[in-house]
Amino acid sequence: MMGASTRKGEEIAEKSRKIIKKLIRDKIEGLSPEESAIIERIVHSTADPEYADITKMSQDFISSTIDALCGLKDILVDVEMVKVGISYNGEVKCYINHPSVIRMAKDKNMTRAAAAMEYAASKGFSGVVVVGNAPTALLKLIKLAKAGMDVKSIIGVPVGFVGAAESKKLLTKTDIPYLITSGPKGGTPVAVAATNALINLAKKRGGII
């Protein structure tokens with residue numbers, strides 16, 4: 001119920017769901033129920049129906065991500081804001097404030113978000129990656145995945161006018177299962193909404209207690 005946990009919350013969520021379905025009915029026609037559920041959650045979290053047009057998923061994205069979540073694989077995120085919004089029984093990891101990451105960013109003259117991805121790879125990360133804010137994190141992640149980092153799928157929705165659209169376009173040219181939002185739009189609410197929608201789909205499959 002889009003995050004609702006009380007009866008009143010469920011009533012509001014159901015009303016919102018009906019409004020959203022009416023607004024984006026034509027846009028999601030032909031999509032699978034799972035794809036529609038993810039997009040509905042994003043539109044609900046942003047109050048922006050345009051996300052039904054710009055949210056794109058690779059053919060293998062949902063199955064790959066749900067398999068990983070059912071196996072309680074780790075989730076790696078780019079910033080703390082994304083981490084606190086995710087409701088998951090597995091581990092949600094964010095290294096952007098780790099002392100080693102701060103030091104690495106200074107030594108290598110890179111952003112902390114990119115350094116955090118490199119640090120995660122050095123620690124043997126395996127799982128789903130969620131990038132909601134930092135294009136540099138997504139660009140670094142693509143390189144690391146090509147070099148062997150065990151990335152099951154990427155929710156790549158960094159926001160901004162410098163590098164965001166380009167990093168997402170580059171992701172679509174890889175073999176990594178992905179969800180993106182085309183262009184400069186994205187951010188924490190989109191990243192969290194998509195991740196929690198997928199966690200709910202995994203719960204429906206019975207893979208997460």
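1. S5 and S6 are parallel neighbours, paired over three bridges. Within this pairing, Gly156 has Ile180 of S6 as its bridge partner. The model is a predicted one, and the points below should be read with that in mind.

2. The sheet as a whole is open and has six strands, in the order S1-S6-S5-S4-S2-S3, with mixed pairing. Its edge strands are S1 (55-57) and S3 (92-93), each of which pairs on one side only. As background, strands of a sheet pair through backbone hydrogen bonds, and the pairing is either parallel or antiparallel.

3. S4 and S5 run parallel and are joined by six bridges. Opposite Ile154 of S5 stands Val129. From S4 the chain passes through H8 to reach S5, a β-α-β crossover that is right-handed.

4. Leu76 has Lys93 in S3 as its bridge partner.

5. Helix H8 (residues 135-146) lies across S5 and strand S4 (126-131), and its direction is at about 155 degrees to S5. Helix H10 (residues 188-205) packs on the sheet, where it touches S2, S4, S5 and strand S6 (178-181). The direction of H10 makes about 125 degrees with that of S5.

6. How much of S5 is buried? Five of its seven residues are, and the strand is mostly covered. Ile154, which lies in this strand (residues 150-156), has a relative accessible area of 0%; it counts as buried because that value is under 20%.

7. Which residues does Ile154 touch? Leaving aside residues up to four places away in sequence, its contacts are Phe61, Val129, Leu138, Leu141, Leu171, Ile176, Pro177, Tyr178 and Leu179. Val129, one of these contacts, is also the residue opposite Ile154 in the strand pairing. Ser182 is 28 residues from Ile154 in sequence, and the two C-alpha atoms are 14 Å apart in space.

8. Val79 sits in the loop between S2 and helix H5 (80-85). With a relative accessible area of 14%, Val79 is buried, because the value is under 20%. Val79 touches Cys94, Ile96 and Asn133, again not counting residues up to four places away in sequence. Val79 and Ile142 are separated by 63 residues in sequence and by 17 Å in space, C-alpha to C-alpha.

9. The structure holds one aromatic pair. It is formed by Tyr95 and Tyr119 and is edge-to-face, with 5.0 Å centre to centre and 70 degrees between the planes. Why does the pair tie together parts that are 24 residues apart in sequence? Tyr95 is in the loop between S3 and helix H6 (99-108), whereas Tyr119 is in helix H7 (residues 112-122). Both Tyr95 and Tyr119 are buried.

10. A further side-chain arrangement involves a lysine and a ring. Lys185 lies over the face of Tyr51, at 5.7 Å from the ring centre.

Methods: Residues numbered from 1 in each chain as written. Predicted model: local features only at pLDDT ≥ 70, side-chain atom pairs only at ≥ 80, totals over all residues. Heavy atoms only, no water. Helix = DSSP H or I, 4+ residues; strand = E, 2+ residues; numbered from the N terminus. Buried < 20%, exposed > 50% of the residue type's maximum accessible area, 1.4 Å probe, protein only. Contact = heavy atoms within 4.5 Å. Pairing = 2+ DSSP bridges. Axes fitted to C-alpha atoms, helices over the stretch in contact; angles between N-to-C directions. Right-handed = clockwise from strand over helix to strand, strands pointing away. Phe/Tyr/Trp six-rings, centres within 6.5 Å; stacked < 30°, edge-to-face > 60°. Lys NZ or Arg CZ within 6 Å of the ring centre and 35° of its normal.
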